[in-house]
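User: Could you take me through this model, beginning with the ligand and ending with a helix?

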Amino acid sequence: MNSNNSQKIVIALTKGRILDEVLPLFEAAGIAPLEDINSSRKLIFDTTMPGVQIMVIRGSDVPTYVEFGSADLGVVGKDLLLEYGSEGFYEPLDLKLAKCRLMTAAPVGAAPVAGRIKVATKFANITKRYFAEQGVQVDVIKLNGALELAPSMGLADIIVDIVDSGNTLKANGLEPLQLIAQISSRVIVNKAALKMKHALIKPLLQCLAEAVEARAQV
Ligand code: PRP
C-alpha cells in the first residue's frame, strides 16, 4: 500500500455493523468495493472510484492508521475517539450511522452502592473522566468484552458499555442508568493528507456529506 502516492486515497473501515451501514453510504457517494468484503479474506480492496482503496481493520486500529498517514481517511465510532483521543487527525464529518449510546448499567433494581463503586468497562479513560466530572469515587476495572457478566460474577457493581437495542443488558439482568455519550460513526482524516491530497479528499468528503444529507431526508 502506498497512501503517500498523491493520486491515491486509502480509506480505513471496520468489519461488522459499521461496515454494513457505511458501505451503502459510500456506494451512494460513488465508492463501492470491487469485490464482496465480507466473503473475502483480503484486507484491502480496490473500488469503483479509480485510485481509491478501502482497507478493513479493527476499529481501535483505525485512528492509528489515520494518525500515521498509512490510511488517508477512516471511519470510526465516536466511542473509540473519546477513549483514545482525537488530536492526531481531523474529524470533519458525522456519518450519523451505527448510532448507539454509551451508558452506565447496573443489575435491575440494585440499591445504590455505598462507598467506592467498582465499574467494569472497555472504556477506562471515558469512565474515569465521567465519574471524576460527577465527583464520584470509582475503581475502574478494565475488561475487553462480555462486560455484562461482571456484576453477576461479583467483579463490579456497575458497567459502562455501548447500548443499542438494550437487549444484551436485559438478557443479563441489567438495566441502563446514566447516559454518558451519544455515539455514531465519524470520518477522520490524516492532517497532512488533507493538505497534500486536498483535490481528491475535499470532493470525496463533499460526496459523503451529501449522501449523509440525502439519507436524512428519506
Ligand atoms: C456492543 C456492546 C453490547 C452490545 C449492545 O457489543 O458491548 O455487548 O453491543 O447492543 P444491544 O444493546 O443492541 O444489545 P458489540 O456487538 O459492538 O461487540 P463487542 O463486544 O465486540 O464490542
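User: How far is an oxygen atom of the ligand from a polar backbone atom of Gly-166?

Analyst: This is a predicted model, in which local features need pLDDT of at least 70 and side-chain atom pairs count only at pLDDT 80 or more, while totals for chains, interfaces and linings use all residues. Residues are numbered from 1 along each chain as its sequence is written, and side-chain values use heavy atoms, without hydrogens and water. A polar contact is a pair of N or O atoms within 3.5 Å. For the backbone of Gly-166 and an oxygen atom of the ligand, the distance is 2.7 Å.

User: How much of the 500 Å² that the ligand exposes when taken alone does the protein bury?

Analyst: Accessible areas come from the Shrake-Rupley method with a 1.4 Å probe. Of the ligand's 500 Å², the protein buries 55%.

User: Which element supplies the largest share of the shell around the ligand?

Analyst: Strands are DSSP runs of E with at least two residues, and helices are runs of H or I with at least four, numbered from the N terminus. Helix 6 (167-171) and strand 9 (158-163) each supply at least two residues of the shell. The largest share, 3 residues, comes from strand 9.

Note on methods:
Polar contact = N/O pair within 3.5 Å; in protein donor to acceptor, adjacent residues only side chain to side chain.
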